[in-house]
2 protein chains.
Amino acid sequence: MADVAERAGVSTSTVSRTLRGLSTVSPEVRARVERAARELNFAVSRQAASLVTGKTGNVAVLVPTLDAWFMGAALSSLGPLLRSAGMELSVYLIPDMAERISFFDRLPARRNADALLVFSFDLNDKETARLDDLGMPVIYVSQHVDGRPSVYVDDVAAAAAGTRHLLNLGHRRIAFLHTVGASGFSFSSNERLLGYQQALTEAGIPVDEDLMAGIHTRDKRSTAEALGNLLSLREPPTAVFAEQDEVAVAALWTLRRTRIPVPERMSVLGFDDQPLADWFDLSTVAQSPKDIGREAGELALSLINEPDAADRCRHIVLPTYVIPRSTTAPPPAEEGEPRVSG
Amino acid sequence: MADVAERAGVSTSTVSRTLRGLSTVSPEVRARVERAARELNFAVSRQAASLVTGKTGNVAVLVPTLDAWFMGAALSSLGPLLRSAGMELSVYLIPDMAERISFFDRLPARRNADALLVFSFDLNDKETARLDDLGMPVIYVSQHVDGRPSVYVDDVAAAAAGTRHLLNLGHRRIAFLHTVGASGFSFSSNERLLGYQQALTEAGIPVDEDLMAGIHTRDKRSTAEALGNLLSLREPPTAVFAEQDEVAVAALWTLRRTRIPVPERMSVLGFDDQPLADWFDLSTVAQSPKDIGREAGELALSLINEPDAADRCRHIVLPTYVIPRSTTAPPPAEEGEPRVSG
DNA sequence: TTGAAAGCGCTAACAC
DNA sequence: GTGTTAGCGCTTTCAA
């Protein structure tokens, strides 16, 4: 910066002021400084700046994985948003328990970010408490914690709505495929299962353990097996509600191969509305991770700028939509149980 | 850090030495300092440290998108690798031309990272030159630039191998679906098209413009239209080579709906071998972004530590594999053109 | 093995 | 509107 100052014939303070866009610089000086900076290929060192301002210019995100549609979409809107606010995006990828423990033990984000967005983790109280004294705003995304700022969709209500869509079509035997294992989205996953059960109970239909199957997302056999079990029950389901589009599509594929017509003999409903769903004309419950990412980013920025604002623990709940496409329809009217008419 | 020093009854120099694991600290003092640091929840400020060391402890990545399988997988291996080396991961997401221009204009990564990994961009000479005087190692990933360190697969050879797989099965009319538009992977895309053409030419088969169709990944109609055109040619193809698994699967789906049996009447070959391919039992050309990410990360770390090493402009070319699954087979033996035997 | 002192590159408070 | 000065929190000589 001293070089730029010398070249422009001004002091470093003026260079600093110019480069930060402060208005207290005369146009001619500004022009001179900017030219000098460009000629010298100068860029401010955030490190040095942050040392004195106390702001790092970084927003950190804590994510369980990056190879899920949800994360990609959420970060796709978050990234440019932060960029346009002059912030950098730091990613802490915590794929397994070992990394998770080490993260919460060392809290490397401390002092190295101005805010932390925690995505989709099902945190325990100890971990939440640990984040509390991180000394920066922490925003919970795609999950929610009482008294802490959170951005999410109401997965319980969304899954209940999806289930009601099937119930309203006349289905009574509705299977639920929920993902288990290292997917890192256990929070939403559990809530969706809950919503499914809630809707059934409300409709006076007993929750049947046999109809709920755990799926390992990354393993196609897992879906085939689960479907096999469902199809060989004494009273097989007439509809399958998968808690993720990917699983729904895998189910769709297995059913088509087995020549079980969808939706004539079996309805399939997904969750997420990722591009895949559109390709396969899959009925699904839509959420918008882009909106989630954007809202979370904006909340982060506002908390950074006014840490004592009223939204210190605001909960932003984004809407979901049931999108009926070609894979849900009324169940076959067989089994001696005539359709109720009128 | 002064607090820690006081609490441990030593100077800040000693605290610094202890926390960086230098061996010139007596065990008892070390213990005292470490306890004090833990009690005070102290973490070293990277900003302040980097100001004097000149190292930021950051690795920056420049990516066109995050919602592609490739990026997710590559960063999934890169993230933990950097973390275990004590480095942070900074993501610059450049989804469109405006952001790209602004990035290359301002080069915000300058001075704020120790190395830059540039993913999948088809850079022009000016941009490459701009990165050259960034003052840090720049590694080109999933692309290659002469004289600069690069990590990639040989897309030309891989696509040629895939094409030969189809040729060897007996196909002569092979369509190629290449993605166009904002996907951000134009480098690989172009190379794959080249490989396809090369293999055909080598086999003495003229390249037919009618057989090459551009697809917009995010738009399923696009695939249907392209396939429609191909199927209504005077001499329709017997095989389709899609330059991305997602497009191949979309094609698969369209064909199945149209009751065109795969692979009996039409072979379909993908590229990438993402989980989708396995689900659909899709024949494909496999690459491993996890390996690419890991190699790129290791190269970055080694260039950071020894900037003058021999691998200053090393090219690491990772292997690809043709994975025949159930969607490729010999073409139907009709059309009066008997299969060559013996 | 430890401590004192001198910066690293910037911003902020204050003078002009 | 601009320059001077005093740190921000660390690491790194250099001396002890």
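This is a predicted model: local features need pLDDT of at least 70, side-chain atom pairs count only at pLDDT 80 or more; totals for chains, interfaces and linings use all residues.
**Surroundings of DNA strand C**

- DNA strand C is surrounded by 25 residues, and the closest of them are Met1(A) and Ser16(A) from one chain, with Thr14(B), Val29(B) and Arg111(B) from the other.
- Of the atoms of DNA strand C that come within 4 Å of the protein, 66% belong to sugar and phosphate.
- Sorted by class, the residues of this surface comprise 12 nonpolar, 9 polar and 4 charged.

- On the phosphate side, the side chain of Arg111(B) has an N or O atom 2.3 Å from a phosphate oxygen of DNA strand C.
- Two or more residues of the surface near DNA strand C come from each of α2 (12-19) and α4 (46-53) in chain A, and likewise from each of α2 (12-19) and α4 (46-53) in chain B.
- The element that gives the most to this surface is α4(A), with 5 residues.

**Cavities**

- Rolling a probe the size of a water molecule over the atoms shows where empty space is left.
- The count comes to 3 cavities of 30 Å³ or more, and the largest cavity has a volume of about 140 Å³.
- The largest cavity is lined by 14 residues, of which Gln47(A), Asn58(A), Gln47(B), Asn58(B) and Asn112(B) are the closest to its centre.
- Elements of both chains give two or more residues to this lining, namely α4 and β2 (88-93) of chain A together with α4 and β2 (88-93) of chain B.
- Which classes of residue make up the lining of the largest cavity? The lining has 10 polar and 4 charged residues and no nonpolar ones.

**Elements named under both topics**

- The α4 helices of chain A and chain B give two or more residues to the surface near DNA strand C, and α4 of chain A and α4 of chain B also give two or more residues to the lining of the largest cavity.

Definitions and conventions
Residues are numbered from 1 along each chain as its sequence is written. Chains are lettered from A and ligands numbered from 1 in the order in which they are written. Side-chain values use heavy atoms; hydrogens and water are left out. A residue is near a molecule or strand if one of its heavy atoms lies within 4 Å of it. A polar contact is a pair of N or O atoms within 3.5 Å; within protein, one must be able to donate a hydrogen and the other to accept it, and residues adjacent in sequence count only if both atoms are side-chain atoms. Helices (H or I, at least four residues) and strands (E, at least two) are DSSP runs, numbered from the N terminus. Ala, Val, Leu, Ile, Met, Phe, Trp, Tyr, Cys and Pro count as nonpolar, Asp, Glu, Lys and Arg as charged, and the others, Gly among them, as polar. On a 1 Å grid over the protein atoms alone, a cavity is a set of points where a 1.4 Å probe fits but cannot get out, and a pocket is an open set with protein on both sides within 12 Å along at least five of seven lines; lining residues have an atom within 4 Å of a point. Grid points are joined across faces, edges and corners, and a volume is the space filled by probe spheres set on the points.
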